[in-house]
Amino acid sequence: MSDLTLEEVKKHDNEKDCYLIIGNPNNGGPMVYDVTKYLDDHPGGAEVMLEMAGKYADDMFEDIGHSNEARKQLKDFLVGPLQATEEELAELTAKASSAGASSGGAMLGVLIALIAIGVGLFYYTQS
């Protein structure tokens, strides 16, 4: 297991080489995971993980509400702890929070559209 800096992790940002930073002070700190081999098997699709490739993905990971099984499986991809200063960690979490806030409106729109489709199908099948 090796420690990686933010600059090193940022280089792993594509479908052939995909690292994610997941973890926070409440759950052991930020860890680096090589999820390249898991991209095709991820239930949410590879795109979700590729969007966060080479970046801090803890907020997204936690917001989705992954199962205990998913958390156990994550250990198989562990590269090592992230080496970062307090300032770097604060900047990472601030960027992730602002990115999450900007994408929240889009997710709400998708959710509303799915509910509308479901209601429409329900009424359509009742006739």
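1. You will find lysine 11 in the loop that links helix 1 (6-10) to strand 2 (13-14). Its C-alpha lies 6.4 Å from that of glycine 54, although lysine 11 and glycine 54 are 43 residues apart in sequence. Please keep in mind that this is a predicted model.

2. A polar atom of the histidine 12 side chain is 3.5 Å from the backbone oxygen of glutamate 8. Leaving aside residues up to four places away in sequence, histidine 12 is in contact with Asp17, Cys18, Tyr19, Ala53 and Gly54.

3. For orientation, here is the overall layout. The protein has 5 helices and 6 strands, and from the N terminus these follow the order β-α-β-β-β-α-β-α-α-β-α. Of the contacts between residues at least 6 apart in sequence, 64% link residues at least 24 apart. Buried residues account for 30% of the 127 residues. The accessible surface is about 8,500 Å², with 58% of it belonging to carbon and sulfur atoms.

4. Now to the interior. Nonpolar side chains tend to be buried together in soluble globular proteins. Here the largest nonpolar core contains 15 residues, and Leu20, Ile22, Tyr33, Val35 and Met49 have the most contacts inside it. Two or more residues of this core come from each of strand 3 (17-22) and helix 2 (46-51). Strand 3 is the top contributor, with 3 residues.

5. Methionine 49 deserves a look of its own. Which residues does methionine 49 touch, not counting those up to four places away in sequence? They are Cys18, Leu20, Val35, Tyr38, Leu39 and His42.

6. On charged pairs, a search of the whole structure finds 2 salt bridges. One joins lysine 10 to glutamate 7, with the closest N and O atoms 3.4 Å apart. Both belong to helix 1 and are 3 residues apart, so about one helical turn separates lysine 10 from glutamate 7. Lysine 10 is partly exposed at 43% relative accessible area, while glutamate 7 is exposed at 52%.

7. The other pair is glutamate 62 with arginine 71, whose closest N and O atoms are 2.9 Å apart. Glutamate 62 is partly exposed, with 28% relative accessibility, and arginine 71 is likewise partly exposed, with 30%.

8. Ile115, Val119, Phe122 and Tyr123 make up a nonpolar patch, and together they have about 420 Å² of accessible area. Tyrosine 123 belongs to helix 5 (residues 86-126). Why does tyrosine 123 count as exposed? Its relative accessibility is 56%, and the class needs over 50%, so tyrosine 123 qualifies.

Terms used: Residues numbered from 1 in each chain as written. Predicted model: local features only at pLDDT ≥ 70, side-chain atom pairs only at ≥ 80, totals over all residues. Heavy atoms only, no water. Core = buried A, V, L, I, M, F, W, Y, C linked by side-chain atoms within 4.5 Å. Buried < 20%, exposed > 50% of the residue type's maximum accessible area, 1.4 Å probe, protein only. Helix = DSSP H or I, 4+ residues; strand = E, 2+ residues; numbered from the N terminus. Contact = heavy atoms within 4.5 Å. Patch = residues over 30% accessible without salt bridge, like charges linked within 9 Å, V, L, I, M, F, W, Y side chains within 5 Å. Areas by Shrake-Rupley, 256 points an atom, 1.4 Å probe, with all protein chains shown as cover. Salt bridge = Lys/Arg side-chain N within 4 Å of Asp/Glu carboxyl O. Polar contact = N/O pair within 3.5 Å; in protein donor to acceptor, adjacent residues only side chain to side chain.
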